[in-house]
Amino acid sequence: MGSIRGVKKRKKNDNKDVIAIQSPFYPQLHQPHPQPQPFDWWYHFSNRITGPLAKSKDIEKFESVFKISRKTFNYICSLVEKDMLARSSGCVDLNGKRLSLNDQVAVAIRRLSSGESLSTIGDSFRINQSTVSQITWRFVEAMEVRGLCHLSWPSTEMEMEVIKSKFENIRGLSNCCGAVDSTHIMMTLPTVDPESSVWLDREKNCSMVLQAIVDPDLRFRDIVTGWPGSVSDDHVLRSSSFYKLTEEGKRLNGGKKILSGGTMLREYIVGDTGFPLLPWLLTPYRVGGLSDSQVEFNKRVAATQMVAKRALARLKEMWKIIGGVMWKPDKHKLPRMILVCCILHNIVIHLEDEVQDNMPLIRHHDSGYQDQICDLADDTACATREKLSLYLSGKLST
C-alpha cells in the first residue's frame, strides 16, 4: 500500500488473519441465496427500515440497499467481527435494543455506499445520528487493519507475470505492471478555516487528492491520499513511498524484456501527461508534430491507462461518500475513510461479486477537470519511449 498522510503506522495483521482471508469462511457463500426465512437477519432488518428508503420498490433486495451481495457482506462481517464487537457497548437503536454485528456493518456500509447524511441514515435505521457516526468510524478503524491485505503490491513473480500479460493484451504494451492516475475527493470547508485556500485545487474546488496505481482487473495496488487538491500529480507521486521504493530498486525490479535491436525494456507503469517521464513511468508524447509511430504509441498508452480511470470512476460510483461533496469532513480522518473505500473496492473484485457486473462502466472520475501537464522528462526514459514506439510500429531495426 502507498502513503496515507497523517496516519501512524499500525501493526501488521497476524498470519492467522491473512490465511483466513484466503480461505472460504462460509461454504454457503458459494451456494444460491436462500429465500428469506423468519429467522434470517436481513428479513428482520429490512422490515425495520423506515423513511424514504423503506418506500423504495427494491427495498426487499439486499443488493439494492448496500450495493454488495450477501456473500461479500458476510465476508466483511467476518473481517471486522472481533474488533467491532469488542467496542460495541452503547451501540443501541432508538428503542434501546443493542445492535448486532450485522446491524452495525449494515449501517457503516450504507453510509459509505450511499453517501447519505448521518441524520438520513439514522432515520432509515432508527438509530441516533451520533451512533451512526460512531459505528462508521469503528468500522473504518477495523477495516483499515483487517482488510489491508486486499490492497498490496504483487508479492510474487508469477502474480506480476499474470498482470503484465493482461496489460499486454489490452494494446500490446509489453512488461507494463500498472497504470497510475489521480482523482479529487470533493469537500466543503468552513469559510473561517485559515487553511481553506490550501485545499483549493486548480478548478477552485476544495478537494483532497487520491492517487492510485491499478492493475488490469481494476484493483488498487498502491494508493496515496491526504494531500490537498492544490498539490500537483507529480508532487504527490514524488512524495510517495512507491516512488522511493522504485528509485531504490525495490519496486518494478523484475524481469526485463529485450526488444528488437537489443533494446532492454525494464518493468514500468504508465500515466498521463500530469506525471513525469521516468525510466519506470512512461507517459504520452506531447501533442504537436508527432510521427505516426508516436501517435500510435499515445493511443496505446491512453487505452492502457484507461484501467486506472475506470477504477477510480467505479470507486466513486460505488462508494458515494467519496464520490460527492463531503460536508466539512475531518481532514485527518478522511484519508483513512478513502483507504477503506479502496479496500472495499478490491474486496468486491476479489470475491467476484456479481453486483459489480450490473454497474455502468464510467470513464470520468473528475468531471470538469483538465489534464495536468508535467514537463519533467528523464533522458533515458525519452530514449526508451522512442524505441518502444518504433518497436510497436514495426520500425525498430533489428
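This is a predicted model: local features need pLDDT of at least 70, side-chain atom pairs count only at pLDDT 80 or more; totals for chains, interfaces and linings use all residues.

Biologist: Which residues in H8 and H13 meet?

Modeller: From H8, the residues include Trp 137, Phe 139, Val 140 and Met 143. Their partners in H13 include Met 337, Leu 339, Ile 343 and Ile 347.

Biologist: What should the 14 residues of helix H14 span?

Modeller: At 1.5 Å a residue, H14 (residues 379–392) should span 20 Å, and the C-alpha atoms at its ends are 20 Å apart, which agrees.

Biologist: Which residues of H14 are buried?

Modeller: They are Ala 381, Thr 384, Arg 385, Leu 388, Ser 389 and Leu 392. Because they cover an arc of only 130 degrees around the axis, they sit on the same side of H14. Strands S5 (264–265), S6 (268–270) and S7 (281–282) and helix H12 (292–318) are among the elements that cover these buried residues.

Biologist: What caps the N-terminal end of H14?

Modeller: Asp 378 does, with a side-chain oxygen 2.8 Å from the backbone nitrogen of Thr 380. Just after H14, Gly 394 adopts a positive phi of about 80 degrees.

Biologist: How many helices and strands does the chain have?

Modeller: The chain has 14 helices and 8 strands. Of its 398 residues, 53% are buried.

Methods
Residues are numbered from 1 along each chain as its sequence is written. Side-chain values use heavy atoms; hydrogens and water are left out. Helices (H or I, at least four residues) and strands (E, at least two) are DSSP runs, numbered from the N terminus. The expected span of a helix is 1.5 Å times one less than its number of residues. Buried means under 20% relative accessible area, exposed over 50%, partly exposed in between (1.4 Å probe, protein chains only). The arc is that of the directions from the helix axis to the C-beta atoms. Contact means heavy atoms within 4.5 Å. A polar contact is a pair of N or O atoms within 3.5 Å; within protein, one must be able to donate a hydrogen and the other to accept it, and residues adjacent in sequence count only if both atoms are side-chain atoms.
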